[in-house]
Each structure stands twice: as structure tokens, then as C-alpha cells.
Amino acid sequence: MTLGAQPHAAMNIQEVKSEKGMIAWLVEDHTVEIVNIGFAFNGGITQDPVGKEGMANLMAGLFIEGAGNYDSDAFQMKLDDAGAEMGLEAQRHYICGSVCMLPKQQDAAFGLLRLALNAPRFDQGPIDRVRAEIVSDIVGSERDPDAIAQRKWLRAIYGTHPFSRPGEGTKESLAGITPSDLLAFHKAIFARDGLHIAVVGDIDANTLRERLDQLFGDLPEQQTLAPVADVVPKLGQLVEENCDLPQTSLRLAWPGVKRSAPDHFATVLMNDILGGSGMTSRLFEEVREKRGLAYHVSSELTLDKLLVTTETRSDCAAQTLSIVRDVVKQMAQQGPTGAELKAAKKHLIGTYAIDRLGSTSSIADRLLDLQIHKADVDYNQRRARSIGRVTLKQVKAAAKKLLSAEPAILVVGRRWAARMSKETHLAFLLPWGFSWEERIWRPVGQADHADPRSRLAGLARHWRSRRASRRNGAPQHVCRLLQNTLARHQQAAGG
């Protein structure tokens, strides 16, 4: 349930503090008869105990499955009578909840939310049912190439770090979770010192101040969280999931940047130009508009990575990957133009209210996100000025810093070796100790690439020189393959 909100320019964020010290960000909007509440506790999937992965996700699934004196059926009937919706979601670093209610029935809705937060039942019947639903999804994902690839991808880039563990758990780990485990996990997470709250809609500050203590005032004061070490994704590797699909999915990951970093907005602008602005981005222009290789291609900044994703016809995967890499390399070496930066600033400032502040629920989500990342109440007002002050030099520096690294690449589709010529397949072999940039190779026989014969000849000379100097040169059979390929192209060209 969500309704349109007031314009972004008129939005006034109040910081409301209760007697017990709970702090919420409030945007009053009495033009719509609805109240949206978002809340988040520090913790999340990374807090799952080893051997009991899926704990946070299972607990979230049981949020409306009984609390206080109401069992699962009774609680949900009361929720329907109150005309309210509520839910909980386990994310990597947070347990996030949302509630939507009607102002005229807020007493009943707040009462049910208080029970769900403070007195969950975790009865065996609902646990077994929700667990069975999750296990069913897990079993189904065991035959899903994308899900298989995602698990392989996380293990490859994060190793044994908690980020690599499946948030839904496994059949074995879920089987070992008991009601007492869930109660202990809930007690460790649901505490006031790790709480963030955002409220939007038809409620005033005085009423909210009283409701905050009613909802959260009886929770434990401090969380009990296990430390989670920082991790840097392991890039510079190729991860494949070979399956017979008509389309091949490509995912490439470069280093990201923290939101607190001085070059955060420069990186945001660079990403918008590269692939974040949809149909006006460089990737979209080169991959779709000029060559029609994919319906969609984009880039996005996550918490620790810059991701480029696309899907293409299987026989075009090598060409598409090469073009994506060329576009990124050009951005790293040359950066954007002044005109591109001007357009990106206009886009990011102009679409902010539409993309992030279009409804009461989206405003609540945005306010919660800002709190989680330790932003100030006036962030929305300062954001446009911060973007406007970014210089072309700063964006070029951000592009060079992040995009000069070797990416991690995930390929989901038909086996590469089976659908590519031998010379094309050489592009994905990295066992000889030199970087992608050192190679002169490009897919041969394509009109949009320079003379393939000169590239093959150059690459052959490059590898032979490495063999002569004992610098991890290519095996002899690879050099012969290059020479034979070059000879075929020369013969075909009459040279």
C-alpha cells in the first residue's frame, strides 16, 4: 500500500526524539490518509551463525506468523482487521522492516507492530511451514543456472567471508534451526542502539514521539553482534557457469567506492555516464544502439563494486564482452567529455525526486537509507550542490582509479570453447602472467575492429619475445596456433 507524496521541494524532514532516546526522521504529509514506517536494525545475514546459515532470512519470514497471545492465524486476522501491512527483510548488513497503516486505525496497527517487535512466538508449526517454503525455493534454485552462477560468483570474489554464504541458507543449515535459536538471534539483533527509524505520512511529531517509546522502548538497550571483517572483492578472474541457453549473461565487476569517500559523487557521475543513465549511456550506445547486441546493458554502484551487466545472443557473447571492455577502458583512459558531465549532472539532480521520492513508502525508504549511511537531515538539500561542484578533472580521476583495475567476469551460458573459434577463445586465457591490456588481441573478422592480421602478428611477436626472455611466455602450441591463424588471414586477403 503506497500513495503519492508531496513534491520533493516542499519536503521538510524533522528529527523526532522520544523520552527513552529513540530517534526517528519524520516527514509529515497530511494530504494523504496513510502512515508509512520504515525501520532497520544493524546486523543482517552476516550475523548468521556458522552451520545455521539462513537464520536471519527465516526469522524475517516469521515476522507476522504470531506474536504475544495471537498465534499465526489470529495475528494475521487482526492485521487484516486493522487494514495494515507489515513485513521484514533480511539484508546483508541489516534487518529491515516496513509498516503501512491507516491513521484512523493506527491504535490497532501500532499495537500489533509492538507485539511483533517485542514478543514474537516462533511456534513450531509456522517455523516448519516457512522453512519448507524456503527449502522448496532452494531445491528449485539447484537447477537454475543463474542461481548456481550467483553462488559460484560469491565464492569466487569473497572466498570464505560471510558475504559468500547464501542468505537463504541450505537444506542442511535450515534443518538445524530451532525456536530457541530464533529467540536468541532476535534478542541479539532487536535492540535500541542499532535501530534506525523513518516515518512518512499523516502523523505529527508529538504523536510519533509517544509511539516510538510504545513500539521500541521495551527492547534491550544494546545489540550483541559478531564482528564482521572488512573484505575486498577478489577481481581479475573469470567465473563460468556452462549451460545450454539461447542467451549468455555477462557480469563484470570493478572496484567500488564507499559513500563516505571524498570522490563518491565524482564516481556516481562517472557511472551515470558509463551505464547508469539508461538509454543515454555510453554502454547502451555502443552495445545496443550501434550494434544491436543486447536489449539492455547497464552499470551500477553497489556497496563495494561497480557492476556492468547485460545479456546477449550466445554466438555474440565474445563480441559483446570485447565491446564492453573497450568502452570501460576508454572511460578509464580518457574519462568523460564536458558535455557528458553536464548532462549527467542534470540527469542526477532532475530525476532524484521522481526516482527516490515519488511516494510515502519510497520517501520512508530513502530516509532510512540516509540514516543507515550516517547522512545528515539536510542531505537532500545539499545533494544537488555537491553534485554541481564536481569537476571534470575529479570525474576523470575517479574513472582512472577504479576502471584501470582488472575486473572479475561472470559468464552464464553455453561453454565458451564450444562456440568460439580457437583464436577467439585465446581472449579468455590468462595463465601466462600478463594483463588484458598487454594483449593486442581483438576478435577477428569484425568490421568495427582494426586490421585483425596486424593484431595477430603483434600478439605472436609479443608472446615469442616473452618465451625468448623466459618471462612467462605462451606455450609453443599457442604460438603455432597464432602463426597458423595469421597465415589463413593473409591467404584469404591475397597477401
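D218 is partly exposed, with a relative accessible area of 48%. This residue belongs to a predicted model. In that model, D218 pairs with K20 in a salt bridge. The closest N and O atoms of the two residues are 3.5 Å apart. K20 is likewise partly exposed, and its relative accessible area is 45%.

The two partners come from separate parts of the chain. D218 sits in the loop between α8 (205-216) and β7 (238-242). K20 sits in the loop between β1 (14-17) and β2 (23-28). The pair therefore ties together parts that are 198 residues apart in sequence.

A second salt bridge lies within a helix. The side chains of R131 and D128 meet at 2.9 Å, N to O. Both residues belong to helix α4, which covers residues 124-141. They are 3 residues apart there, so about one helical turn separates them. Their surroundings can be told apart by accessible area. R131 is buried, at a relative accessible area of 12%. The cut-off for a buried residue is under 20%. D128 is partly exposed, at 38%.

D315 is exposed, with a relative accessible area of 54%. The cut-off for an exposed residue is over 50%.

Salt bridges that share partners join K20, R114 and D218. The pair of D218 and K20 described above is a salt bridge between two members of this network. In general, side chains of opposite charge can pair when their charged atoms come close.

The protein chain has 20 helices and 11 strands. Among the helices are α4 and α8. Among the strands are β1, β2 and β7. The protein chain counts 495 residues, and 49% of them are buried; R131 is one of the buried residues.

Contacts across the sequence were also counted. Of the contacts with a separation of 6 or more, 79% are between residues 24 or more positions apart. The accessible surface of the protein chain comes to about 23,300 Å². Carbon and sulfur atoms account for 50% of that surface.

Terms used: Residues numbered from 1 in each chain as written. Predicted model: local features only at pLDDT ≥ 70, side-chain atom pairs only at ≥ 80, totals over all residues. Heavy atoms only, no water. Helix = DSSP H or I, 4+ residues; strand = E, 2+ residues; numbered from the N terminus. Buried < 20%, exposed > 50% of the residue type's maximum accessible area, 1.4 Å probe, protein only. Contact = heavy atoms within 4.5 Å. Areas by Shrake-Rupley, 256 points an atom, 1.4 Å probe, with all protein chains shown as cover. Salt bridge = Lys/Arg side-chain N within 4 Å of Asp/Glu carboxyl O.
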